[in-house]
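Hello,

Here is the structure I promised to pass on. Have a look at it first, and then read on for what turned up.

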Amino acid sequence: MGTWGTGISSNDIYEDINYEFFELYNQGMEVSAITEKLIKENKELINSHEDQNNFWITIAKSQWECKALDPKIYNRIKDIVESEKDIELWKELDASKSDLIKRRKVLDKFLEKLSTEKKTARKRKVKKLRGAIFQKGDCLVFKLIDGEFCGAFVLEAEKESEFGLNLIAITDIKMSDKPTEKNFENANILFRLEQQINKEFKPERQISWYYAQHFKNSDTDFEKVGNLKVKPTYRSDKDYQNFSNWDNLKLYLDDYYSENYEYKSDKREKLNKLRKKYWLQQRV
């Protein structure tokens with residue numbers, strides 16, 4: 001039981017279940033359907049002596065916020081509080097006397113709160129959907145601090161998603177003249193040495209997802225110089241689990257090409273491989 005305080009929300013279960021509850025609520029699902037779904041998906045918590053109280057407390061709190069508290073759920077909380085089942089559990093977990101006193105007060109106030117119907121239901125929040133800044137296949141160039149051009153390639157562009165992500169592959173293009181689409185056709189993916197769990201350093205592709213909502217914070221002037229076809233579909237929940245902001249791209253490359261940078265890698269891989277359909281079989 002991940003708990004860091006005596007409050008109703010001061011535990012991992014509340015954080016997780018409350019988040020899931022209101023994600024579904026904001027999508028338009030009815031409270032009763034949300035509750036049924038969460039109960040079905042969390043049998044392990046419900047059957048856990050240590051975790052079940054926090055699960056039901058979270059469900060009750062979430063239902064109450066929506067002005068849809070189920071009487072059966074309310075009675076379950078009433079039993080947990082009045083029978084001191086939760087306090088007994090805290091004793092089993094060697095809680096201090098001061099924490100037991102605080103927890104008892106928290107539970108009493110919580111039950112009192114649930115006993116009074118909320119005046120208005122919590123409003124559903126409609127998520128703002130965003131489109132990615134650049135189109136899939138765009139060849140982007142920008143200048144570094146030394147005045148030379150670098151190239152970044154757009155492997156994917158989300159449409160009408162929460163974050164409007166672009167998947168960007170940094171290439172090894174670095175030249176004084178402005179690159180062309182032809183340069184991207186012949187480009188390699190840039191690699192850098194990254195430390196692994198075993199503390200060894202391994203070459204890693206410099207490919208990340210970039211957030212649409214943070215693009216306006218970037219001072220980098222990106223210019224599109226072409227567009228190349230990309231056959232695979234890349235997904236932000238599966239492929240290349242690195243996320244960044246646009247302003248970091250130029251900062252990173254200025255650092256990479258500085259004299260004292262220690263993590264350069266000689267490994268290269270053709271950018272075109274990531275544009276081919278068969279490459280989709282190798283997930284990262």
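Let me start with a question: is Cys-66 buried or exposed? Cys-66 is buried, with a relative accessible area of 7%. Please keep in mind that this is a predicted model.

Cys-139 takes part in no disulfide, and the nearest cysteine sulfur, which belongs to Cys-150, lies 14 Å away. A disulfide calls for two cysteine sulfur atoms within 2.5 Å, and by this rule the count for the model is zero.

Next, the helix α2, which runs over residues 31–41. Its buried residues are Val-31, Ile-34, Thr-35 and Leu-38. Why do these four sit on the same side of α2? They span an arc of only 100° around the axis, which puts them together on that side. On the face turned away from the buried side you will find Ser-32 and Lys-40, which are exposed.

Now for the strands. β1 covers residues 138–143 and is mostly covered itself, with five of its six residues buried. β1 has β8 (residues 223–227) as an antiparallel partner, over four bridges. It also pairs with β2 (residues 149–157), again in the antiparallel sense, over five bridges. β1 and β2 make a hairpin with five residues between them. In that turn, Gly-147 has a positive phi of about 90°.

The largest pocket has a volume of about 270 Å³. It is lined by 16 residues, and the closest to its centre are Arg-205, Gln-206, Ile-207, Ser-208 and Asn-242. Among the elements that each supply at least two residues of this lining are the strands β6 (201–205) and β7 (207–210), along with the helix α9 (247–256).

Best wishes

How values were computed: Residues are numbered from 1 along each chain as its sequence is written. This is a predicted model: local features need pLDDT of at least 70, side-chain atom pairs count only at pLDDT 80 or more; totals for chains, interfaces and linings use all residues. Side-chain values use heavy atoms; hydrogens and water are left out. Buried means under 20% relative accessible area, exposed over 50%, partly exposed in between (1.4 Å probe, protein chains only). The arc is that of the directions from the helix axis to the C-beta atoms. Two strands pair if DSSP finds at least two bridges between them. On a 1 Å grid over the protein atoms alone, a cavity is a set of points where a 1.4 Å probe fits but cannot get out, and a pocket is an open set with protein on both sides within 12 Å along at least five of seven lines; lining residues have an atom within 4 Å of a point. Grid points are joined across faces, edges and corners, and a volume is the space filled by probe spheres set on the points.
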